[in-house]
Structures are given as structure tokens and as C-alpha cells.
Amino acid sequence: MDLDEFNRLPADEAHEVLRPCLDVERWIDGVVAGRPYADVESIVESARRSADPLRDEEIAQALSHHPRIGERAQGDSAEAKLSKTEQAGLGAMDGSVQERLAAGNAAYEERFDRVFLIRAAGRNPEEILSELERRMNNSDSAELAEVGEQLHQIAETRLTGIFA
């Protein structure tokens, strides 16, 4: 879809185009309300401003669509397809990296009671493991802020992919 077509869509259809990027109503409403957009940079900037910062309940809602890092998303929803594409860039992980990632995911979930979320696009498994280890030292509030930032980065990556 190109940006001109998106600008002309009825609001309910525009909402459905954006939902796989970040399933947060306040964010979707803000991006749709900002139309028309002249270029990809302007929609990405609007997306950055809309719903920033994300509220705790919005983060929880958005996380419900994200698989554990290193695990394949299930189903054929638009979100699952995007996640599979983003994590495909991690390539085939050797056994030790996969084991460390599984152990890190489990420890993170034990500590923060949610899945570890990171923008996988453009990162290799070692970078992700390093970030997971660093973030284990965060306070609950600092980690929640990082999760919100990662959701914004994922949304921006997905938007760019849709409209580039």
C-alpha cells in the first residue's frame, strides 16, 4: 500500500492497516487523525508522538501479540507474519545461543512477569542476549519504559515497511 492510498482510506480501514504495527487504540487514533501524510518520515514522526509514553495497560495489550524472542510466532495474523519476518533476520542460532536465549527469556519472565520484548530487526542474537542481560538489572519502572520504547521502535519499523 502506498501512503496516498492510506491517506484516502476510511478511518476504520486505516485503523486496520495500523493495528499490526502497534495494537494500542490511542496510538492508532492519533496516527489516523494526523492524515494526510506527505511522506513516510511524517507518518513515522506522527507515530512517535502518538501515545508517547505508552501507559502500562497499553503496553500489556500490545505485548499480548508478541512471541518470545527466538520463538516463532503462531498463527497467520498480520502481527504473526510481521514477527516471523523480523525474527527471521536472527538466522539459524546455534544450540548454545538458543539455550542462553531460552534461559534468559525464562529469567526475564520470572523477574518482570511479561515476555522480553526487543526490536529484533537489525540485531543479531548476541546483541539481543546482551540487551536482555543488561535489562535484567533495570528497576520495574525503568524496564517498563524500555518496553514502551521497544514497542515504538517496532511500530516505526513496521510502518516504514508498509509505506516505503
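Buried residues have under 20% relative accessible area, exposed residues over 50% and partly exposed residues a value in between (1.4 Å probe, protein chains only). The model is predicted: local features need pLDDT of at least 70, side-chain atom pairs count only at pLDDT 80 or more, and totals for chains, interfaces and linings use all residues. Residues are numbered from 1 along each chain as its sequence is written, and side-chain values use heavy atoms, without hydrogens and water.

View 1. The ring centres are 4.8 Å apart and the planes meet at 45°, so the pair is tilted. Rings of Phe, Tyr and Trp (its six-membered ring) pair if their centres lie within 6.5 Å; planes under 30 degrees apart are stacked, over 60 edge-to-face and the rest tilted. Ring pairs join Tyr 108, Phe 112 and Phe 116 in a cluster.

**View 2. The ring pair of Phe 6 and Phe 163**. Phe 6 belongs to helix H1 (residues 3–8) and Phe 163 to helix H9, 157 residues apart. With centres 5.0 Å apart and planes at 55°, this pair is tilted. Phe 6 is buried at 0% relative accessibility, and Phe 163 is buried at 6%.

View 3. Gln 153 is buried, at 19% relative accessibility. Beyond its neighbours within four places in sequence, Gln 153 contacts (heavy atoms within 4.5 Å) Arg 48, Arg 119 and Arg 123.

Technical notes
Helices (H or I, at least four residues) and strands (E, at least two) are DSSP runs, numbered from the N terminus.
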